[in-house]
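Here's a quick tour of one protein fold, written for someone just getting started. Have a look at the picture first, then work through the points below.

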Amino acid sequence: VGSRRGDAVWEEKKIVFEVQLSPLSLAEAIHRSHDYRQEGYQVVWILHDRLFNQEAVSPGERFLRAQEPTYFTNGATIYDQVE
């Protein structure tokens with residue numbers, strides 16, 4: 001998708017899925033989301049419990065949870081939660 005390579009892309013619906021297993025800075029979260037939107041895609045984030053959805057929430061995760069559809073995974077199950 002443009003200069004980005006999503007983990008999975010649903011071309012027909014213009015949705016890109018990003019599965020995040022490593023740390024993500026606020027700047028990178030903003031840039032990726034912006035780049036996908038520029039190409040007309042909605043990005044859906046799936047954040048791994050190993051680093052995300054913990055007591056301390058990073059600025060990048062806080063941005064994604066407020067701005068983009070964001071789900072979580074423990075590696076076996078993908079789930080949503082009520083804030």
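This is a predicted model: local features need pLDDT of at least 70, side-chain atom pairs count only at pLDDT 80 or more; totals for chains, interfaces and linings use all residues.

- Five strands make up an open sheet in the order 1-2-3-4-5, and the pairing is mixed.
- At the edges you'll find strand 1 (8–10) and strand 5 (78–79), each of which pairs on one side only.
- Strand 2 and strand 3 run parallel and are joined by six bridges; one example is Ile15, whose bridge partner in strand 3 is Gln42.
- Strand 3 also pairs with strand 4 (residues 70–73), again in parallel, through four bridges.
- Leu47 has Phe72 as its bridge partner in strand 4.
- Strand 3 is mostly covered, with six of its seven residues buried.

- Helix 1 has 13 residues, which at 1.5 Å a residue should span 18 Å; its end C-alpha atoms are 18 Å apart, so the two agree.
- Ala29, Arg32, Ser33 and Tyr36 are the buried residues to look for in helix 1. They cover an arc of only 95° around the axis, so they sit on the same side of helix 1.
- What covers those buried residues of helix 1? Strand 2 (15–20), strand 3 and helix 2 are included in the cover.
- After helix 1 comes Gly40, which has a positive phi, near 90°.
- Helix 2 lies across strand 3 and strand 4, and it runs at about 125° to strand 4.

**The nonpolar core**
- The largest nonpolar core has twelve residues, among them Val16, Leu24, Tyr41, Trp45, Phe52 and Phe63.
- Helix 1 (26–38), strand 3 and helix 2 (59–67) each supply at least two residues of this core.
- Which of the elements gives the most to this core? That's strand 3, with three residues.

**Phe52, up close**
- Is Phe52 buried or exposed? Its relative accessibility is 3%, and the cut-off for buried is under 20%, so Phe52 counts as buried.
- Leaving out residues up to four places away in sequence, Phe52 touches Gln20, Ser22, Pro23, Leu24, Leu47, Glu61 and Phe72.
- Phe52 and Tyr71 are 19 residues apart in sequence, and their C-alpha atoms are 10 Å apart in space.

**His48 and Leu21**
- His48 belongs to strand 3 (residues 42–48). With 16% relative accessibility, His48 counts as buried, because that is under 20%.
- Setting aside neighbours within four places in sequence, the contacts of His48 are Gln20, Leu21, Thr73, Asn74 and Gly75.
- Leu21 is in the loop between strand 2 and helix 1. Its relative accessible area is 42%, so Leu21 is partly exposed.
- Beyond residues up to four places away in sequence, Leu21 touches His48, Arg50 and Leu51.
- Leu21 and Gly75 are 54 residues apart in sequence, with 9.7 Å between their C-alpha atoms in space.

Conventions. Residues are numbered from 1 along each chain as its sequence is written. Side-chain values use heavy atoms; hydrogens and water are left out. Buried means under 20% relative accessible area, exposed over 50%, partly exposed in between (1.4 Å probe, protein chains only). Contact means heavy atoms within 4.5 Å. A nonpolar core is a set of buried Ala, Val, Leu, Ile, Met, Phe, Trp, Tyr and Cys residues joined through side-chain atoms within 4.5 Å. Two strands pair if DSSP finds at least two bridges between them. Axes are lines fitted to C-alpha atoms, for helices over the stretch in contact, and angles run from 0 to 180 degrees between N-to-C directions. The expected span of a helix is 1.5 Å times one less than its number of residues. The arc is that of the directions from the helix axis to the C-beta atoms.
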